[in-house]
Amino acid sequence: MKYYIITAIAALSVVSSVKAQTKTDTVFFEDFNEQTLDRSKWNVEITGHTVNNEQQAYVDSAATLYLVKGNAAGGAINGALVIQALYQPGYTSKQGNKYDFVSGRINTQAKMEFTYGTASARMKMSSGAGLWPAFWALGNGKWPDCGEIDMMETVGDSSWFSNALHGPGYFGNTPLAHREFFPKGIDVTQWHVYSIDWTADNLIFKVDGKVTYAVTRAMVEHYGRWAYDNAKFIILNFAIGGGYPAGVNKVKAPYYGLSQSSVDKIKAGEVKTYVDWVLVTKPAKQ
C-alpha cells in the first residue's frame, strides 16, 4: 500500500510539471485532408496470420482504409480517415489462412518515430461487443521487449476505453492498465482526443486533456525493465474479436469475442473508426 501511495504522489507531481509545459514543437501532423492516404507518412499493413485470436485479416484496400470529407467525415475538421471492418467470408491470405472479416491497420514505422513528447489523435468509433479499434505506439524489435504504449483501446462497450503498457515482465494481461469510464451521456461513438505525454521517467494518459492514468518509471520497474527510452512509431488499427474482447464480453459464438449483433452491424456496413487527425509534439527548445 505504501508503494502505491508514493507512486500516486509522484504521478500527481509529474502531471503538474507537464501542465506547465505550454510551448511545443510539431514532430508530426496528419489531418487526412488529401484524396487518398499519404503513403509517405503511413505504411499499410497486410497480415496473413492471426494474433490474439483476432478474427480479421488486415488488407490494403480502399474499402477498408479511405479518406472522407464534408458530411461523410462525421464532424471532422478537414476530413477524416475511415477504417472500416467488412464481412468477407472465405477471404484467404497469401499464407493460406481463411478469414470471414477484413479490416485496416496503418503505422508510421521508419517514416515517423519519436522518443518522448506528446502523441494525440482525435477519434470516434462504432460500438458493439468485439469491435476493437486502437491508437497505440510500439518500439522496434522483439515484443514485448520493445515496449508498447496503448493510448486508446475499446472492445465494444461504448461507456469506457482503456490505457495500458506492455513490456518485459508486464505484458498480455498487464498489471499496468486502466479503464476510463465516461460520464453519463458521453461515449466512444463521439469525438474525443486521446493522448499520451511521454518523458524519460513518466507516461501520462489523457482524454480531452483530462488525465486518465499516470505511470512512473518506479511503477513499471516494480514488474520489469523500463521499455520507454527507445523510439516508437504510431499505429492505428481496427481489430475484430479476439482475446481482449472475449475476456471482457465472454462471447464464444458466432466468433471468438464477437457477438452476433456486431456481426450484423459489420454486414450492414455500419462498423467504422474515424480519425480526424494525429499529432506528435515535443517541448519546445528554450
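Tutor: Start at Gly-269, which follows helix H4 and has a positive phi, near 75°. Helices here are DSSP runs of H or I with at least four residues, strands are E runs of at least two, and both are numbered from the N terminus. The model is a predicted one, where local features need pLDDT of at least 70, side-chain atom pairs count only at pLDDT 80 or more, and totals for chains, interfaces and linings use all residues. Residues are numbered from 1 along each chain as its sequence is written, and side-chain values use heavy atoms, with hydrogens and water left out.

Now step back into H4 itself, residues 260-267. Ser-262, Val-263 and Ile-266 are buried there. Buried means under 20% relative accessible area, exposed means over 50%, and partly exposed lies in between, with a 1.4 Å probe and protein chains only. These three cover an arc of only 105° around the axis, so they are on the same side of H4. The arc is taken from the directions that run from the helix axis to the C-beta atoms. What do the buried residues of H4 pack against? They meet strand S6 (86-92), strand S7 (98-103), S11 and strand S18 (232-240). A contact means heavy atoms within 4.5 Å.

Look just before H4 too. Pro-254 sits in the loop between helix H3 (243-249) and H4. A cis peptide bond joins Ala-253 to Pro-254, with omega about 10°.

S18 was one of the partners of H4. Leu-236 touches Phe-32, Trp-42, Leu-81 and Met-123, among others, not counting residues up to four places away in sequence. Leu-236 is also among the residues with the most contacts inside the largest nonpolar core, which has 55 residues. Others in that group include Phe-135, Tyr-194 and Ile-234. A nonpolar core is a set of buried Ala, Val, Leu, Ile, Met, Phe, Trp, Tyr and Cys residues joined through side-chain atoms within 4.5 Å. A second, separate core has seven residues, including Val-68, Ala-73, Val-82 and Tyr-274. In soluble globular proteins, nonpolar side chains tend to be buried together.

Phe-32, touched by Leu-236, deserves a stop. Phe-32 lies in the loop between strand S1 (24-30) and strand S2 (43-44). Its phi is positive, about 50°, although Phe-32 is not a glycine. Phe-32 is buried, at a relative accessible area of 1%. Ring pairs link Phe-32 with Phe-28 and Trp-42 in a cluster. Compare Asp-208, another non-glycine with a positive phi, near 50°. Asp-208 is partly exposed, at 47% relative accessibility.

Next, the ring pairs. Rings of Phe, Tyr and Trp (its six-membered ring) pair if their centres lie within 6.5 Å; planes under 30 degrees apart are stacked, over 60 edge-to-face, and the rest tilted. The count comes to 14 aromatic pairs. Trp-143 and Phe-171 form an edge-to-face pair, 5.7 Å centre to centre, with 75° between the planes. Trp-143 is in the loop between S11 (131-139) and S12 (148-153), and Phe-171 is in the loop between S13 (160-166) and S14 (177-181), so the pair ties together parts 28 residues apart in sequence. Trp-143 is partly exposed at 38%, and Phe-171 is partly exposed at 44%. Phe-161 and Tyr-194 are edge-to-face as well, with centres 5.0 Å apart and planes at 80°. Phe-161 is in S13 and Tyr-194 in S15 (192-198), so this pair ties together parts 33 residues apart in sequence. Both Phe-161 and Tyr-194 are buried.

Trp-143 has one more feature: a cis peptide bond joins it to Pro-144, with omega about 5°.

Charges meet rings too. A charge sits over a ring if NZ of Lys or CZ of Arg is within 6 Å of the ring centre and within 35 degrees of the ring normal. Arg-179 lies over the face of Trp-160, 4.2 Å from the ring centre. The charged end of Lys-124 is over the ring of Tyr-274, 5.3 Å from its centre.

Last, confidence. pLDDT is the predictor's confidence in each residue, from 0 to 100. The protein averages 92, and 92% of the residues score at least 70. Over residues 1-21 the pLDDT is below 50.
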